[in-house]
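Work through these exercises with the model open beside you. Try each task before you read its solution.

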Amino acid sequence: MAKEGGIYRLMATYDKRWVYVVLFIVVLGPLINPIGMPIGISALTKNYYAQLNTLQEGDIVFDTWNMEFSGYMELKPGVLATHKMFIEKGVKLCIAFGHYEGVALPGEIFKQLQTWLDRYDYREGEDYIIIGYVFPNEAAVAALAQDFHANVRVDWKGNSIEGTFLDDIQNAGDFDMISDYTTGLATTYMINHMVLQYGVPMVENSIGVSVPGHLANLDAGLLTALLASTRGGAELEYLIGSPGPGLKSMDAFTLGHYSLMIFIIVGNIGHYGWTRRTGAKDRTGIK
Amino acid sequence: MTVLVVSFLLVFVPYFIPWGPLDWLSGKLMTIAAVTNAFTIVIAVYSQFRRSGRFIREKRKGWVYHIYLLVLLAIMTLSGFILGQHAGAYEWLLLAVVTPLSSVIYGILAFYMASAGARAFRARSPQAALLLVAGFIVLLYQAPLTGAFFPGIEGAATYITNTFGMSVSRMFSISVSIGAIVLGVRMLTGREVAFLGFTEGEE
């Protein structure tokens, strides 16, 4: 394999399965046995934390779980840390799903928050109401934004929402904040029909690949804060002083990134050395 | 076409002229649209059964998977309708089958993305070298440990994402929006009729 071009060719054309094996080891190792490396707190997360701190007891937040279960695994630290802040502050939550898999999420999320629910006596029906999967498309978001009670009369278990804190909500403008956790489902619809139309402040917890797109929304003032992926969640856990799954996964996160960088360096040294030595013009991707 | 134009105006105009009765009418129309949209799932299920049925009848490549698909579709739909979304059996199907599979597919992406990243970041030209340097700085910043020892990396990474990255992201958003507006205008003026089920020249 390494006849023409020698070691450089080997470095430039390493088998991609090496990437898989190394990544698997450096991610699995720290997850089983965390090292506890220090982390830096980004300005984005500090701003997110500050925005949540503007909420007062009794404020009503439209809490939209725009994620599938797979996306939840990436957003989990941010979701849990944000809800710990909501529960501690006594904020009222109107929880909606943007995906049919959302029906599996409350059991999982509230099980993780059980200690906090018990500590602050935070109850379904009084402090939070789950209205279920109400965002199948943009028309539904627009309709709900304009006339909440015309579109939602019962919670996800079929109980009437009359006589609850949701009586105060006539349209999207009556919410004090929108807190969205997204893999890219109904978020743009909510920006179009709730933020632009009613001026409700909206904070976003987004998966990594959607962060660049949401940074533009943040810069334009459409979002007031952005929590970026698992790392943002870990930073929020640190800020609220409640370590969780995010901080536990940061060692794996760090080592995963560094190992990828090593593969990139190795590949480039190989590419440079091989093409310089042999004058080869061939593409030197990994196999 | 008339229905389309009137419906469009009823929803579009209240954004610029807030008038009570018009707002009410627009709200009603959107609620009707939302409810009607929810029923389209029935059409989706019907279409899937028809398509898979054709695959199975003609024994095309992968026809066995279509049987598997229809059986699972039937199980999830029937258990949801008969038992309800809060029944133990339905929740079990969701939590023990659907959600782990969904998470596994998502997790596997990390390996493909890492391998694709390692392959893409090669300094084959001056432009590629610039991309490599920018990508490397952002990647270095994304590793949580880096920020703890080199806080200055955040400034460099933020500069790259807030200037080059954001300009491209905005260009993409603006292009998509303009495309959507153009499509909307074509639909309203009758130049685009495929969405109504007509082919070119037929109306």
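This is a predicted model: local features need pLDDT of at least 70, side-chain atom pairs count only at pLDDT 80 or more; totals for chains, interfaces and linings use all residues.

Residues are numbered from 1 along each chain as its sequence is written, while chains are lettered from A and ligands numbered from 1 in the order in which they are written.

**Exercise 1.** Find the domains of chain A and say how far apart their C-alpha centres lie.

Solution. Start with the bounds, which come from an automatic or database domain assignment. Domain 1 of chain A covers 6–33 + 248–278, and domain 2 covers 43–243. Next, take the C-alpha centres of the two domains: they lie 38 Å apart.

**Exercise 2.** Describe the side of chain B that touches chain A.

Solution. First, count residues in contact (C-beta atoms, placed from the backbone, within 7 Å). Chain B gives 45 residues and chain A gives 50 residues. Second, list the elements of chain B that give two or more residues: H2 (20–57), H4 (88–120), H5 (126–142), H6 (144–149) and H7 (153–188). Helices here are DSSP runs of H or I, at least four residues; strands are runs of E, at least two; both are numbered from the N terminus. H4(B) gives the most, with 15 residues. Third, sort the residues of chain B by class: 23 are nonpolar, 17 polar and five charged. Ala, Val, Leu, Ile, Met, Phe, Trp, Tyr, Cys and Pro count as nonpolar; Asp, Glu, Lys and Arg count as charged; the others, Gly among them, count as polar.

**Exercise 3.** Locate the largest nonpolar core and its residues with the most contacts.

Solution. Begin with the terms. A core is a set of buried Ala, Val, Leu, Ile, Met, Phe, Trp, Tyr and Cys residues joined through C-beta atoms within 7 Å. Buried means that 20 or more other C-beta atoms lie within 10 Å of the residue's own, with C-beta atoms placed from the backbone. The largest core has 71 residues, and Tyr48(A), Ile95(A), Val141(A) and Met190(A) have the most contacts inside it. Helix H4 (residues 69–89) of chain A supplies the largest share, nine residues. A second, separate core has 19 residues, including Ile39(A) and Ala118(B).

**Exercise 4.** Which residues of helix H9 (residues 187–198) of chain A are buried, and what covers them?

Solution. Read along the helix: Thr187(A), Tyr189(A), Met190(A), Ile191(A), His193(A), Met194(A) and Val195(A) are buried. Then look around them. The cover includes strand S1 (60–66) and helix H10 (211–219) of chain A. Finally, step just past H9(A): Gly199(A) takes a positive phi of about 70°.

Key. Two residues are in contact if their C-beta atoms, placed from the backbone, lie within 7 Å. A residue is buried if 20 or more other C-beta atoms lie within 10 Å of its own, exposed if 12 or fewer, and partly exposed in between; C-beta atoms are placed from the backbone.
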